[in-house]
Amino acid sequence: AKDAGRNCLYFFDPEMQQALSARAQMESELRIALQQEQLLLYYQPQVNAAGKLIGAEALVRWQHPQRGLVAPAEFIPVAEASGLILSLGSIVLRQACQQLSIWASMPSLSELSLSVNISVHQFKQPGFVDEILALVERFQLVPQRLKLELTESLLIDDMAFSIERMKYLKQKGVGFALDDFGTGYSSLAYIKQLPLDQLKIDRCFIDGLPDDANDAAITRIIISLAKELNLWVVAEGVETEAQWKFLQAIGCPGYQGYLFGRPVSAEEFMKSALNSK
Ligand code: C2E
Ligand code: CA
Ligand code: CA
Ligand code: CA
């Protein structure tokens with residue numbers, strides 16, 4: 001009650017109260033969403049330097065009954081904070097693997113790879129490795145076509161554990177991409193130790209291309225670093241012809257961004273993938 005003393009003032013701050021209940025509200029709605037299968041995956045194309053479709057990134061969306069399609073920036077943080085990210089992550093993985101198996105059965109899409117975002121809690125779960133391997137088995141996937149996207153902060157937090165876990169999955173054929181590369185704090189010594197297949201150059205470095213001299217220098221360096229380390233590179237957030245031309249000229253092998261296609265439903269993705277052939 002209000003007269004219980006100063007310590008309760010906090011709870012009567014109307015703005016704070018509003019923020020707390022909005023979060024609690026979203027959490028309970030998210031719980032329902034997970035049960036009622038309101039989450040779905042969108043797929044954004046990835047192309048090679050010749051512009052050929054080589055794969056996609058799976059990006060989660062929430063088909064909310066009242067609010068329509070909700071972007072992950074709005075609910076992933078709530079899912080992380082509440083622990084719901086574990087069931088969300090499992091749903092995403094299963095849907096992604098199922099989609100990959102559908103592509104694998106279609107002659108013109110059978111070579112596509114699929115990248116899936118993995119959150120820190122999910123990666124550290126005791127059952128994570130078995131979950132991945134069970135999905136590969138269940139959907140009869142070529143494991144090399146499944147790429148798990150991890151972020152730097154996730155990995156350096158417990159390097160030895162991360163390396164061991166990644167090495168085990170990699171030995172089974174599953175690939176790893178380091179997401180948002182360049183935005184974290186990890187040193188190059190760490191990068192060298194990780195059994196990665198791919199770096200994804202964060203969109204913030206692509207934005208300023210080709211005119212921003214710093215962005216140009218940074219992307220050049222990341223691409224040559226990746227070559228030295230024998231890693232594939234995907235430039236994220238490529239939106240203009242000028243960015244695309246610049247990146248081609250400096251030898252970037254992989255591309256993703258609105259210039260090549262926005263994230264779309266599985267159905268739409270398949271339609272445009274088949275048309276592009
Ligand atoms: P991300 O992994 O860095 O994904 C790339 C984001 O950039 C996506 O936003 C994508 O729609 C957007 N994007 C792609 N090309 C362009 C472009 O040319 N211009 C611009 N302005 N944006 C572009 P989205 O789908 O809203 O996802 C945001 C973030 O949410 C993702 O960033 C990822 O961190 C997280 N996320 C998405 N799906 C999942 C998931 O299934 N699990 C987990 N744990 N996180 C996810
Ligand atoms: Ca990603
Ligand atoms: Ca990214
Ligand atoms: Ca990002």
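Is aspartate 212 buried, exposed or partly exposed? In this predicted model, aspartate 212 comes out as partly exposed, with a relative accessible area of 32%. You'll find aspartate 212 in the loop between helix 10 (203–206) and helix 11 (213–228). Its side chain reaches over to the backbone nitrogen of asparagine 214, at 2.9 Å. As for valine 238, that residue is 26 residues away along the chain from aspartate 212, and the two C-alpha atoms are separated by 15 Å.

Now for the metal. The calcium ion (ligand 2) has four kinds of entry in its protein donor list: Glu57 (OE), Asn117 (OD1), Glu149 (OE) and Asp179 (OD), lying 2.1 to 2.3 Å from the ion. Read along the chain, these donors follow the spacing E-x59-N-x31-E-x29-D. Glutamate 57 sits in strand 2 and asparagine 117 in strand 4, so this pair ties together parts of the chain that are 60 residues apart in sequence.

| Donor residue | Strand | Relative accessibility | Class |

Which residue coordinates both the calcium ion (ligand 2) and the calcium ion (ligand 3)? That's aspartate 179, and the two ions are 3.8 Å apart.

Notes: Residues numbered from 1 in each chain as written. Chains lettered and ligands numbered in written order. Predicted model: local features only at pLDDT ≥ 70, side-chain atom pairs only at ≥ 80, totals over all residues. Heavy atoms only, no water. Donors = N, O, S within 2.8 Å, 3.2 Å for Na, K, Ca; no water. Helix = DSSP H or I, 4+ residues; strand = E, 2+ residues; numbered from the N terminus. Buried < 20%, exposed > 50% of the residue type's maximum accessible area, 1.4 Å probe, protein only. Polar contact = N/O pair within 3.5 Å; in protein donor to acceptor, adjacent residues only side chain to side chain.
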